[in-house]
Amino acid sequence: MSWSQSSLLCLGLLLQLSLLADCSLKSEWTRNIPRRINAEAPAPSSGLRLQIEQRYVVMDNGLLQVTLSKPQGFVTNIKYNGIDNLLEHRNKEENRGFVMLPGCSGFYSYAIYEHLEGWPDFNMDETRIVFKLRQDLFHYMAISDQRQRIMPKPEDRETGEPLAYHEAVILTNPINPELKGEVDDKYQYSCENQDCRVHGWISSDPPVGFWMINPSIEFRTGGPVKQDLTSHVGPTTLSMFVSLHYSGEDLSMSIRDGEHWKKVFGPVFIYLNSASAEGHVTKLWDDAKQQLLTEVQNWPYSFPASDDFPYLDQRGTVTGRLFIQDRFLHKDNIPAESAYLGLAAPGDIGSWQTESKGYQFWTRANSDGFFSINGARPGNYNLYGWVPGFLGDYKYRLSVRITPGCKVNLGDLIYEPSRQGPTLWEIGIPDHSAAEFYMPDPNPKYINKLYVGKTTSNDSVHVDKFRHYGLWERYSELYLHEDQVYTVGTSDYSKDWFFAHVLRRNDDNTYKATTWQIRFNIDNVTRVPNETQMLRVAIASATRSKLQIVYMKKMSWSQSSLLCLGLLLQLSLLADCSLKSESTRDIPPRINGDVPASSSGLRLQIEQRYVVMDNGPLQVTLSKPQGIVTNIKYNGIDNLLEPRNEEENRGYWDIFWNPPDVRKGKREKFVMLPGPSGFYTYAIYEHLEGWPDFNMDNTRIAFKLRRDLFHYMAISDQRQRIMPMPEDRATGEPLAYPEAVILTNPINPELKGEVDDKYQYSCENQDCRVHGWISSDPPVGFWMINPSIEFRTGGPVKQDLTSHVGPTTLSVFVSLHYSGKDLSMSIRDGEHWKKVFGPVFIYLNSAPAEGHVTKLWDDAKQQLLTEVQNWPYSFPASSDFLSSDQRGTVTGRLFIQDRFLYKDNIPANLAYLGLAAPGDIGSWQTESKGYQFWTRANSDGSFSINGVRPGRYNLYGWVPGFLGDYKYGLTVTITPGSKVNLGDLIYEPPRQGPTLWEIGIPDRSAAEFYVPDPNPKYINKLYVANTTSNDTVPVDKFRQYGLWERYAELYPHEDLVYTIGTSDYSKDWFFAHVDRRNDDNTTYKATTWQIRFNLDNVTTVPNETHVLRVAIASATGSQLLGASSECRRTCPSMPVPPVWAGITVFSPMKYYGLCTPGIHLGVAGLGRLGHVAVKFAKAFGMKVTLISINLSKKQEAP
């Protein structure tokens, strides 16, 4: 009989360990041949080795070697980073704690427990995986960002003073004297299931971390707020799967009547990392958190060989939206913001708290009540939940059945909290915790410094202060002779309600029950005959206890309270409008969740069809429920928006989706603060997993202002003017595209004959920070202020619209302008996507009539500086917008290494450096789903990118004056509060030798080339030189309409010829390579430009190749043809995406002779370069094989 058949565990519980060592993705033999520790096959994967001996098995991936005892399956040795064994070698082998993949310094472990039908009954109270680490190495423990410290040694506990239970001791003579007098108690390091995702230990010498990573809680018991042990003195690290801690016998797993039961616990990931000595604690911890993100993204794993662990495509998804229906708070349903929603075994309301046999899948609803539960195993479930701040538990009335690959949409769900009438008073917050109640300071005898307020931060009280030992004894000290008395309307539960209803210690050290009083008066309540006042109680309890409630000395309610798996005791007695007003519950204390309407100087008026935000100087009216800005009252003007427009065409967010009827999640927020005359707006867009595919081509916010007031537009110091009226455009002469017209009969005669074209007022993202309109009578400014460009697409030099005739002012977040379909946001394959656009600030100002234009514009620029200094803002209530302390910083210094220019490295002065989603070099230009963070380097090449949202990024850049794009070789991981210093970075521009000649400056613009004067028929005076200043040529002359037609006038018969050494690119190279209009005025033909040069004076080397490199600043896809008089071969036509050229592919193909028909060429990957390589090869008559891991590329191949 083999080991896996013979060992019975826990009265008939079969334990199966799957110890794998292959990296193949779901290969047939991996699935079909489960392997055991005594029957492992040699690992076929590169970089993995499996050594099988008589008494042990060794898994080795090069970075790490793990030894397992055979047949017991104990982890006896972990060799890493030059350390022979990270486990405590003085322990017996069976007193130490299994899949290994290549490339990562860690291994996975999971177990399959099974009780076969007919086996004896049994109870299972606890199961876990344990690692006992080296006592001479691992002294520093980390559980969370706030819970980290140097820990005592096991011998410190042995010599300590025992306390009320054996797990707690006072350290009387620790080896580390700084720990003397502290309490150590393993329960102080417990954690809720939802937060127990990564914890472990750090060694200082050598700097090594040992981490337990839990990528999922589906296999844990008791739900997301059940607490359990993590790491503790040993040094020991655990992953608890079943336990009675903080629950008692209710969570004991009971198998009866010969039932068949099976459950997979895990996989969990045991991760090891190392770092340089300096700052190793932060580096190791941050890296462990990043590895957790990687594991969560990869869950459910694809490597387990067991049929008992279903892959992602064998699981299902449940989506929906939960509302709260409480007619005593609000007539409309309220979105269940931040609600907990979970699938668990069918049962009664709340039964998930004591369910231990099955799996549970939990999530949180967003601010609109939407939720998505992903990766649910097939089976029958109930949907359970609760909403923080609302009494009671929710259960969906129907059973939810999950089948492989299913996507179940439950639609809109309603939770109606149990109540018989309006709330009279309330103590506390029903949220499964006691955090809002009074938490005493610990007895100085029983201190654990880990939970003392951080004096080096703003935290005067530690968030986990409640974990101090002995707090229950403080009750008797606070209430020496009489028990607690709470008077409704006078007492404050944060000061006067003890956080736990505890017993009182008698003089003989026995205990007696305590009786708390709640005194209240309802004389002012209008009574109804036969009416009953109802008292409701919500308890957050760690164990069963007896609760009695007496009213007017007559017992009315007494029962044994069932645990809620939270922390100790909380009474939530419905009530007290002074603590929680009706409107606070009805509409969160912000307009759409932002600024408290009760703040000094702020007023919020809520009517049936509209909401008014008022901070004194300004009143903003929003339609309800649409959220359209219909009225802006300021400085005595009843409405700054055009009242003749329909309400939905005044101030609004809009979005262009394809297909237009696809489901979308969009939450618009409007925020007003006291003080400044303005308001903020931002939107959270979300596509839930399982929703249909879609493209988003454009989204923006627009304001249509009063035509009779706003006539003067300002975009920059140089770009300001009196603008035409909408009717001027309506009567104008249309030009080549509808946005451009000649003003033939404008209301203002000074504008006659000018061109108006909204694209003439575009601006690069980096410069589009403040723009707007000015009214002369009264002198008022209306400004759109963009404090950041992190939420825009296409990087800092992508252009977009600003303000234009309407009068209209915009903030454009996504668009195809100046880019085409490359910047369309494409959501595919049911992916989950979310992005916050904004906040932007709509600012209004006023000034005396004299010099009002300059004063209003200068004030708007000053307000921009204020907003930039305050970014990221601290007021947004949404958890999707991260404040400054939740973001990170990246610093470094960039040098240029170009041995053909200078022997030393050159500081990358004014280089553009930015963080964007990981991708190929230059991919940030077409990236639209994520965030981007850009800066400019100083003269010494140093740079700092601040306020970066957590995530994984690549660092991209370019240096004006140097060809090519830069990309840092490693992924940059940002965590909350992180400060990542990348040190000195090197950019080596692409080149094969010294430069022979160059035309222009590689700086992503054509500003250095020849820009002709416009045709006098097509003038916009905004871009004509100002004769009263020193500007002989306007900086934006290129924005004049019709400049492309000037090429044919300059070169009527022959195309441009540029001679190296003679021609001057500022005079002889046209700024845009355009087509030529044919004589029929309707069609165009391509133009061929010649570059003539002589290389007779260049010393040539046999077989030497000269390389032509081209940098293209392009606003749309076009075709480029290149030809060499020496080669006599033309490279094929090809698409040229923005700021990128196919010469990158053609040059090496030409260099290596890959231009011959009949040659068989392999192309790896169908990205941008791969796509062009395939097109080249086909044009050359070559046979092409595309190599890709994605079958969908077969359809995309050209």
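Let me start at Tyr818, which lies in the loop between strand S56 (808–814) and strand S57 (825–827). Helices and strands here are DSSP runs, numbered from the N terminus: helices are H or I with at least four residues, strands are E with at least two. Tyr818 is not a glycine, yet its phi is positive, about 60 degrees. Its relative accessibility is 28%, so Tyr818 counts as partly exposed. On that scale, buried means under 20% relative accessible area, exposed means over 50%, and partly exposed is in between, with a 1.4 Å probe and protein chains only.

A word on the model. It is predicted: local features need pLDDT of at least 70, side-chain atom pairs count only at pLDDT 80 or more, and totals for chains, interfaces and linings use all residues. Residues are numbered from 1 along each chain as its sequence is written, and side-chain values use heavy atoms, with hydrogens and water left out.

Back to the backbone. Arg1004 also has a positive phi, near 65 degrees, and is a residue other than glycine. Arg1004 sits in the loop between S67 and H10. Arg1004 is buried, at 16% relative accessible area.

Now the cis peptide bonds. One joins Lys70 and Pro71, with omega about 15 degrees. Pro71 is in the loop between strand S5 (64–69) and strand S6 (75–80). Another joins Trp871 and Pro872, with omega about -5 degrees. Pro872 is in the loop between H9 and strand S59 (888–896).

On to charges. How many salt bridges does a search of the whole structure find? It finds 42. A salt bridge is a side-chain nitrogen of Lys or Arg within 4 Å of a carboxyl oxygen of Asp or Glu.

Take Glu114 and Lys262. Their side chains form a salt bridge at 3.7 Å, N to O. Glu114 is in strand S7 (residues 106–115) and Lys262 in strand S22 (residues 261–274), so the bridge ties together parts 148 residues apart in sequence. Glu114 is buried, at 13% relative accessible area. Lys262 is partly exposed, at 32%.

Next, Asp717 and Lys861. This salt bridge is 2.9 Å, N to O. Asp717 is in the loop between strand S46 (710–714) and strand S47 (720–722), and Lys861 is in helix H9 (residues 852–870); the pair links distant parts of the chain, 144 residues apart. Asp717 is partly exposed, at 49% relative accessibility. Lys861 is partly exposed too, at 25%.

Then Glu1045 and Arg1077, a salt bridge at 2.3 Å, N to O. Glu1045 lies in the loop between strand S67 (979–987) and helix H10 (1046–1050), and Arg1077 in strand S69 (residues 1076–1077), so parts 32 residues apart in sequence are tied together. Glu1045 is partly exposed, with a relative accessible area of 22%. Arg1077 is also partly exposed, at 28%. There is a network as well: salt bridges with shared partners join Glu114, Lys262 and Asp308.

One lysine has no such partner. Lys153 is buried without a salt bridge, and the nearest side chain of opposite charge, Glu155, is 5.1 Å away. For charge, Lys and Arg count as positive, Asp and Glu as negative; His and the chain ends are not counted. Lys153 lies in the loop between strand S11 (148–150) and helix H3 (154–158).

Last, a sheet. Three strands form an open antiparallel sheet, in the order S48-S49-S50. Strands pair if DSSP finds at least two bridges between them. The edge strands, S48 (733–734) and S50 (755–757), each pair on one side only.
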